[in-house]
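Colleague: I would like to learn how to read a few features of this model. Please give the general idea each time, then the case at hand.

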Amino acid sequence: MKTVRVLCCAAALVLSAANAAAQILIGQSADMSGPVAASVRETIAGSQLVIDHVNAQGGIHGEKVEVIRLDDGLDPKRSAENSRILIEDKKVIALLLNRGTPNALAVIPLLDKSGTPLIGPSTGAMSLHKPVQKLVFNVRSTYQREAEKAVLHLHTVSMQRIAVVQADDSFGKDAMEGAMKGFDKAGLKPVVLALADRNKPDYAIIVPKLTAANAQAVLWIGSGTAVTEGIKALRTAGSAAQVITLSNNAASGFIKELGNASGGVVVMQVLPSERAMAHPLIKEASDLAKAKGDIELSPALLEGFVATKVMVEALRRAGPKPTRAKLLAVLNDFRYDVGGGLEVGYSPQDHTGIDYVDLSIISGGRFKR
């Protein structure tokens, strides 16, 4: 009898250890050291709020969720190699919140080859919406909708001389299509269209074009420091033009990088204001942030929060021991309210995310509606 009891105890210990080690592996490749690292850190903070909360409750069907994150410095080639490592070597069942339009496009062949879903890429590229990318499940709205609304907003507030600075990459070209729709609806044309290197714009060429055109407003399509340094250069040149930029820059880190040049800059947003505490989604995020030490909410944090909520709900519906195939099947027949009536719905013919676009003015070092 003693031997039997010892064996039973040993088996129980082995089972307990196996359960403790059980985990669901998710991968993320994003810029953690380059031009958009500040906003990526906020996105990760929002994502981790959801992961920590889920794991504290015992995980999903008894399995903890772990996100393996690799730095790509916003380099598409590094994004592709990181994703290969995550998919082939680490055996993640999904990718989450990959940052950057060229970066997301670079990993699509790997997704298609392996059947690995990418959930909530942190980009609003239309090329990830139409035609439908069968392994990409968008959560945020498109850059084209943002850029169109940005131009129409400027026109509504009587701006006629509107210039555009466009990142000379797939992200910039994509957003510019939306901007031109806005110009067409407003019956206007850009007074200047200046192309800018993605990472190292030549402000000595760009800024004089803007000032010579006496631009009343500038739609600046770019990322992180490429935009903040440009705005500073514009202000140094004496221009008081209104500057509006897209939601990829909707982060507290972006405001901090702007410093004294932040006043009055307008940033598009794809989720409700982080200060709208009556909104169920914002209250949920705020409660979890306070429980972790009063982490400051920001638009970038909320984007990570919402995308990860979508992933977690899909994993729950996939059942115990989820696989890439099970998760993909769930996502292709998926409808979910992330909070306050903001609904995500997917089918094999439609991987579009939440249809929400608004804008915020930076004032006093904060986003304000």
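Modeller: Helices (H or I, at least four residues) and strands (E, at least two) are DSSP runs, numbered from the N terminus. This is a predicted model, in which local features need pLDDT of at least 70 and side-chain atom pairs count only at pLDDT 80 or more, while totals for chains, interfaces and linings use all residues. Residues are numbered from 1 along each chain as its sequence is written, and side-chain values use heavy atoms, with hydrogens and water left out.

Colleague: Which residues does a cis peptide bond join?

Modeller: Most residues other than glycine have a negative phi, and most peptide bonds are trans. Here a cis bond joins K130 and P131, with omega about -10°. P131 sits in the loop between β4 (118-119) and β5 (136-137).

Colleague: Where is S158, which has a positive phi?

Modeller: S158, not a glycine, has a phi of about 75° and lies in the loop between α5 (143-156) and β6. S158 is exposed, with a relative accessible area of 52%; exposed means over 50%, buried under 20%, and partly exposed in between (1.4 Å probe, protein chains only). K321 also has a positive phi, about 50°. K321 is in the loop between α11 (299-318) and α12 (324-331) and is exposed at 56%.

Colleague: Which residues of helix α7 are buried?

Modeller: An α-helix has 3.6 residues a turn, so residues three or four places apart point the same way. In α7 (residues 203-212) the buried residues are Y203, I206, V207 and L210. They fall within an arc of 90° seen down the helix axis, so they line one face of α7; the arc is that of the directions from the axis to the C-beta atoms. A204 and A212, on the other side, are exposed.

Colleague: What do the buried residues of α7 pack against?

Modeller: Contact means heavy atoms within 4.5 Å. The partners are β6 (162-167), β7 (193-196), β8 (217-221) and α8 (225-236). After α7 comes N214, whose phi is positive, near 50°.

Colleague: How many helices and strands are there in the whole chain?

Modeller: The protein chain has twelve helices and 14 strands. Its radius of gyration is 22 Å, close to the 21 Å that the globule rule gives for 369 residues, so the chain is as compact as a globular protein of that length. That radius is taken over C-alpha atoms, and the rule is 2.2 Å times the number of residues to the power 0.38. Of the 369 residues, 56% count as buried.
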